[in-house]
Amino acid sequence: MPLYIVKEFAALIEAIDSTTSTNGKINALVHYLQTAATCDQLWMVAIFSHRRPKRPITSTQLKEWAAQESKVPQWLFDESYHIVGDLAETCAILLPENDGQSQLTLSEWMAYLQKMGRMKSDEEKYEAMRYAWQHLDKNERFIFNKLITGGFRIGVSQLTVINAIAKYKQLEPAFVQAKLSGKWQPDEMNLEQLLSAQPSDDLSKPYPFYLASPVEGDVITLGSVKDWQLEWKWDGMRGQIIKRGGQVFIWSRGEELVTDKFPELNEMTLQWPDGTVVDGEILVYKNQTPQPFAQLQTRIGRKNVSKKVMADFPVCFIAYDVFENAGEDIRGKSLDERRQILELLYDNIKDLPNLLLSEKLTVNTWAEAEQLRLQAREYRAEGLMIKNLYSTYKTGRKRGEWWKWKMDPLTIDAVMIYAQRGHGRRANLYTDFTFAVWQGDYLVPVAKAYSGLTDEEFEEVNVFIKQNTIESFGPVRSVKGELVFEIGFEAINVSPRHKSGVALRFPRILRWRKDKPAAQANTIDELKALINVL
């Protein structure tokens with residue numbers, strides 16, 4: 001009979017972490033579903049699909065309390081954390097050993113964490129943490145701490161979980177994915193109830209998004225350009241707007257309900273016909289022009305959206321697909337048919353504020369499409385979307401019919417000035433770097449990046465860091481400004497929050513410029529000049 005928080009769940013984590021095979025991970029998940037308590041099955045799904053309860057304590061509290069229980073100085077705990085690279089694991093290693101006599105199920109321990117979150121005083125929370133640590137062995141503590149601190153970096157995607165449930169229940173993955181979308185709480189139902197729920201039971205339930213794949217190779221291999229619909233690819237937030245039963249629900253691609261973040265879109269959608277679900281992009285839109293994504297983040301990051309914020313950062317919804325019309329699921333119709341339905345819908349409501357229809361771009365050849373792609377930044381777009389006119393609206397990322405053809409990245413040559421250790425298998429290596437450009441005789445930081453080098457290059461850079469460290473700030477090392485790297489990024493915007501006055505979008509390392517001395521790296525004036533060009 002299933003017991004233990006995490007003797008079963010810990011065994012699942014270990015099984016998943018010990019294999020790189022997708023089938024191996026699916027089999028481990030299926031085994032857990034077959035053997036776990038009914039009340040624990042959906043909690044496992046929730047944990048791996050980012051539906052954990054709100055954290056009951058902060059990372060700072062966890063570090064301080066674990067150090068106190070471990071009877072080690074805080075500085076030693078911090079140094080251990082920097083070496084291990086994982087807070088939950090550091091706590092589990094340093095806490096005193098015990099046999100771990102817990103017989104609570106995973107769902108009971110999750111309820112325990114939720115109860116902790118409702119406690120008023122830090123003293124109560126501390127005692128609750130001590131009780132848990134005293135009744136869990138080292139492996140169980142690691143899992144318990146992980147449930148508090150955040151993600152399990154073990155390579156389990158939501159798609160892997162969906163395929164495991166499909167295999168366990170002998171269902172189609174698309175059916176499972178549709179059932180897992182929307183609002184549900186693992187402490188209010190079990191997996192069987194979620195899978196058997198009728199669509200009418202939840203008016204807010206969204207459809208799974210269809211995701212495009214990046215173009216690889218020459219687009220001419222896609223055949224005749226006449227078989228494809230081309231649109232601008234916007235740098236906003238993918239959104240799905242639902243109008244059912246006189247209510248509006250706005251979902252992000254990450255399956256977060258964000259209706260309250262966009263009151264004007266809510267008000268606008270109330271005038272749509274019932275039984276309408278539209279796919280599109282949410283953008284800050286001023287003077288008939290899309291604005292940088294950073295401005296949209298201002299809206300997303302606020303608990304309460306004031307009238308001033310709405311005035312300073314007005315949003316619009318650019319509609320580019322429809323998959324429910326008059327209450328009918330029309331995803332099985334072709335893109336061409338769905339577009340006609342969308343255009344008819346838009347013609348009836350086009351005078352509504354904050355609503356735009358995605359423009360279909362007309363080209364006669366792929367060469368003309370390439371010219372459009374090269375002009376994307378002039379329109380504040382990221383590139384082009386290429387969609388087959390005969391494609392149905394599918395679930396997830398299905399290669400072959402929807403493509404994203406993004407612009408080549410902008411680039412600068414920048415100097416590495418700070419380094420920090422990574423996490424996981426790279427916890428003993430400096431892999432997180434800060435890069436700077438010249439402002440007169442000084443280097444001013446402009447970006448952070450941690451991907452783009454080979455393992456051999458990381459090792460070589462680490463030798464340099466250890467031999468050229470100037471100062472240490474906890475886990476961060478200040479180093480001599482000598483190594484130059486080519487940094488790629490998607491966009492650049494003015495940012496008063498950054499010392500340099502600019503913010504780069506999606507910075508990453510493209511290559512190590514061993515051929516270039518630091519004196520030849522770019523300047524802040526050259527970087528800022530890009531803002532005026534774009």
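**Salt bridges in the predicted model**

Arg511 counts as partly exposed because its relative accessibility is 41%, where partly exposed lies between buried (under 20% relative accessible area) and exposed (over 50%), judged with a 1.4 Å probe on protein chains only. This is a predicted model, in which local features need pLDDT of at least 70 and side-chain atom pairs count only at pLDDT 80 or more, while totals for chains, interfaces and linings use all residues. Residues are numbered from 1 along each chain as its sequence is written, and side-chain values use heavy atoms, with hydrogens and water left out.

Side chains of opposite charge can pair when their charged atoms come close. A salt bridge here is a side-chain nitrogen of Lys or Arg within 4 Å of a carboxyl oxygen of Asp or Glu, and the structure holds 25 of them.

One of these joins Arg511 to Glu486, at 2.4 Å from N to O. Arg511 belongs to strand S22 (residues 508–512) and Glu486 to strand S19 (residues 484–489), so the pair ties together parts 25 residues apart in sequence. Strands (E, at least two residues) are DSSP runs numbered from the N terminus. Glu486 is buried, because its relative accessibility is 13%.

Asp235 and Arg505 also pair, with their closest N and O atoms 2.6 Å apart.

Glu401 and Lys394 form another salt bridge, their closest N and O atoms lying 2.5 Å apart. Glu401 is partly exposed at 23% relative accessibility, and Lys394 is partly exposed at 25%. Finally, a network of salt bridges links Asp413, Arg513, Asp515 and Lys516.

Note on methods: Helices (H or I, at least four residues) and strands (E, at least two) are DSSP runs, numbered from the N terminus.
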